[in-house]
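User: Hi! I am new to protein structures and would like to go through one step by step. Could you show it to me?

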Amino acid sequence: MPDEFRQIIPAPPPAAEIFARHQLAYEFRREAEYRQEMQNYCAWYYATAEANRRELTKLRRDFNLLGWFNRHRY
């Protein structure tokens with residue numbers, strides 16, 4: 001190869017630099033997946049908690065049959 005082309009073509013990066021970039025990309029992808037999973041879990045948790053609150057409110061308004069039979073014992 002002529003000398004004038006050696007100045008234009010960049011030297012290949014060292015192997016350690018390639019692995020460092022790969023590791024950085026891998027860690028970034030894992031962090032992004034973790035955050036997405038956490039966001040999905042939080043959304044599920046809040047939806048479940050809200051459904052449980054509604055059910056508890058509904059149960060509190062229902063007639064307490066057991067309490068009616070055991071009225072004087074409590």
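Analyst: Happy to! A helix here is a DSSP run of H or I with at least four residues, and helices are numbered from the N terminus. Please keep in mind that this is a predicted model.

User: Thanks! In which helix is Tyr41 found?

Analyst: Helices carry numbers counted from the N terminus. With that numbering, Tyr41 is found in helix H2.

User: How many helices and how many strands does the protein have, and in what order do the elements run?

Analyst: The secondary structure comes to three helices and zero strands. Read from the N terminus on, the order is α-α-α.

User: What percentage of the residues is buried?

Analyst: A residue counts as buried when its relative accessible area is under 20%. The protein has 74 residues, and the buried share of them is 4%.

User: What kind of aromatic pair do Tyr41 and Tyr45 form?

Analyst: The structure holds three aromatic pairs. In one of them, Tyr41 and Tyr45 lie 6.1 Å apart, centre to centre, with 35 degrees between the planes. Planes under 30 degrees apart would be stacked and those over 60 edge-to-face, so the Tyr41 and Tyr45 pair counts as tilted.

User: Why are Tyr41 and Tyr45 separated by about one helical turn?

Analyst: Both belong to helix H2, which covers residues 15-61. Tyr41 and Tyr45 are separated by about one helical turn because along this helix they are four residues apart.

User: What kind of pair does Tyr45 form with Tyr46?

Analyst: Here the centres are 6.1 Å apart and the angle between the planes is 75 degrees. Angles over 60 degrees have their own name, so the Tyr45 and Tyr46 pair is edge-to-face.

User: Is Tyr46 buried or exposed?

Analyst: The cut-off for exposed is over 50% relative accessible area. Tyr46 has 57%, so Tyr46 is exposed.

User: Which residues form the aromatic cluster, and what area does the nonpolar patch have?

Analyst: The cluster is formed by Tyr41, Trp44, Tyr45 and Tyr46. The nonpolar patch on the surface is made of Tyr34, Met38, Tyr41, Trp44, Tyr45 and Tyr46. Together, the residues of this patch have an accessible area of about 750 Å².

Terms used. Residues are numbered from 1 along each chain as its sequence is written. This is a predicted model: local features need pLDDT of at least 70, side-chain atom pairs count only at pLDDT 80 or more; totals for chains, interfaces and linings use all residues. Side-chain values use heavy atoms; hydrogens and water are left out. Helices (H or I, at least four residues) and strands (E, at least two) are DSSP runs, numbered from the N terminus. Buried means under 20% relative accessible area, exposed over 50%, partly exposed in between (1.4 Å probe, protein chains only). Rings of Phe, Tyr and Trp (its six-membered ring) pair if their centres lie within 6.5 Å; planes under 30 degrees apart count as stacked, over 60 as edge-to-face and the rest as tilted. Patches are made of residues with over 30% relative accessible area and no salt bridge: like charges are joined within 9 Å, nonpolar side chains (Val, Leu, Ile, Met, Phe, Trp, Tyr) within 5 Å. Accessible areas come from the Shrake-Rupley method with a 1.4 Å probe; for residues, only the protein chains shown count as cover. A salt bridge is a side-chain nitrogen of Lys or Arg within 4 Å of a carboxyl oxygen of Asp or Glu.
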